[in-house]
Amino acid sequence: MAVRVTILLLFVCWFSKLYIGIGAYKLSKEDDFELQEHVTTIEMRPSSYPEGRTCKNSSTTNRSKSLWADGEGCPVGTVPIKKTTEEDLINAKLASKIYDKQYKPLTQQEPGTHYAILHTNYGTGKKFNGGGMETATYNPRPVTGSQYSSSQLKIINGRDSMEVGWTVNPTLYKDDRVRLFIYTNAGTSRCFNTHCPGFVIVRTDVPIDQILDPISQRGKILYGQTVLIYRDSPSGNWWLELDPEQTKVGFWPKHIFTGLTDLATSIEWGGKVYGPHLAPSPPMGTGFKLEVNLFKDAFCRRIVTVNETYQIIDATEKSTYADIEQYQAIDVGFYNPTYRHLMLYGGPGGYIGK
């Protein structure tokens with residue numbers, strides 16, 4: 001049975017743009033009395049788990065703890081909500097407008113958007129309860145202006161989609177740091193992170209747009225991010241887990257979707273970039289042409305799907321797609337018991353559209 005907790009809608013934990021000065025907003029007795037009639041029940045844990053995934057009391061990673069001034073996060077009964085400025089909202093709206101090219105097939109994307117991905121084959125009739133991967137984190141400099149460069153897992157049904165991964169996005173963040181991100185495309189909810197109604201946070205210590213550090217260095221030690229999205233069968237909500245500790249960060253409620261009220265019809269893994277039309281496209285992955293070398297190429301490993309029978313399995317019946325020669329996607333397949341299903345992706349960019 002799912003663990004549930006009742007919280008006041010306005011009892012939140014605020015944190016600043018740089019995650020400094022953490023504290024909880026406390027209600028006065030008058031506020032508390034006035035809000036007693038305006039409470040909601042938030043599902044704090046899924047009520048079912050795919051086969052191959054177990055219920056864990058996930059611990060906080062050192063990476064996420066380091067982002068909070070007190071090293072502890074918000075108090076119990078609160079949720080983390082970023083203090084959002086007018087500039088933040090403008091940046092988020094512009095970034096979403098640039099990113100929101102979801103409604104067309106890959107082969108008909110808007111000029112400036114490029115892919116190097118692995119995807120489940122279309123038209124097979126198969127459906128999915130989710131998918132996952134471990135992605136090596138890199139900073140493919142330079143990424144400037146309205147460009148972005150990302151590695152993401154994407155779950156799709158019709159016009160609905162959910163994405164999670166890492167990104168360098170100066171439009172959204174006003175810097176070129178590597179950050180965790182989610183993107184929601186569900187009806188009128190199309191936005192990054194929590195800038196629109198949709199994703200429900202249940203962890204008080206994991207900022208969705210956290211800076212990922214350290215990151216991989218080409219030819220040297222590797223660092224990565226583990227992500228898994230799966231559908232909770234009883235509720236139909238889509239849960240997000242991060243890191244090997246299976247940290248349950250939050251969920252996308254079923255009711256915000258149309259297509260994804262049912263299972264997903266396709267899944268994508270790999271790289272995506274954008275650059276203004278008629279300007280050179282940005283680098284992807286490590287920013288170099290693939291050498292088919294794990295220490296020199298960006299990769300996604302442990303690529304899995306959650307199938308119709310709720311089992312986590314290595315991805316099957318899949319294809320690669322790269323729309324221009326400046327980026328590559330190579331499906332290595334089953335590599336070894338540690339990396340399991342592996343794909344390589346990336347490229348230097350520099351493409352100027354016609």
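Modeller: Gladly! Please keep in mind that this is a predicted model. Let us begin with aspartate 243, in the loop between β14 (238-242) and β15 (247-252).

Colleague: Why is aspartate 243 called buried?

Modeller: Buried means under 20% relative accessible area. Aspartate 243 has a relative accessible area of 14%, so it counts as buried.

Colleague: And what is the phi of aspartate 243?

Modeller: Phi is near 70° there, a positive value in a residue that is not glycine. Most residues other than glycine have a negative phi. Aspartate 243 belongs to the hairpin of β14 and β15, where four residues lie between the strands.

Colleague: How do you know that tyrosine 310 is buried?

Modeller: By the cut-off of under 20%. Tyrosine 310 has a relative accessibility of 11%, and therefore it is buried. Tyrosine 310 also has a positive phi, about 70°, without being a glycine. You can find tyrosine 310 in the loop between β17 (298-306) and β18 (312-314).

Colleague: Which peptide bond is cis at proline 142, and what is its omega?

Modeller: The bond joining arginine 141 and proline 142, with omega about 0°. Proline 142 sits in the loop between β7 (130-136) and β8 (148-157). There is also a cis bond from aspartate 213 to proline 214, with omega near 5°. Proline 214 lies in the loop between β12 (200-201) and β13 (224-231).

Colleague: What makes β14 and β15 a pair of strands?

Modeller: Two strands pair if at least two bridges are found between them. β14 and β15 have five bridges and run antiparallel, so they qualify as a pair. One place to look is leucine 240, which stands opposite glycine 250 in β15.

Colleague: How do you know that β12 and β15 pair as well?

Modeller: They have two bridges, in the antiparallel sense, and at least two are required, so they count as paired. Isoleucine 201 stands opposite glycine 250 in β15.

Colleague: Why is β15 described as largely enclosed?

Modeller: Because six of the six residues of β15 are buried, it is largely enclosed by the rest of the structure.

Colleague: Which strands form the open sheet, and in what order?

Modeller: Seven strands form it, in the order β11-β10-β9-β8-β16-β6-β19, with antiparallel pairing. β11 (189-192) and β19 (318-322) are at the edges because each has a single partner strand, so one side of each lacks a neighbour in the sheet. From one strand to the next, the twist averages 15°.

Colleague: How many bridges join β8 to β16 in that sheet?

Modeller: Nine bridges join β8 to β16 (residues 266-274), and these strands run antiparallel. Serine 150, for instance, has lysine 272 in β16 as its bridge partner.

Colleague: What is leucine 240 in contact with?

Modeller: Leaving aside neighbours within four places in sequence, its contacts include Val164, Ile182, Phe199, Ile229, Gly250 and Trp252.

How values were computed
Residues are numbered from 1 along each chain as its sequence is written. This is a predicted model: local features need pLDDT of at least 70, side-chain atom pairs count only at pLDDT 80 or more; totals for chains, interfaces and linings use all residues. Side-chain values use heavy atoms; hydrogens and water are left out. Buried means under 20% relative accessible area, exposed over 50%, partly exposed in between (1.4 Å probe, protein chains only). Axes are lines fitted to C-alpha atoms, for helices over the stretch in contact, and angles run from 0 to 180 degrees between N-to-C directions. Contact means heavy atoms within 4.5 Å.
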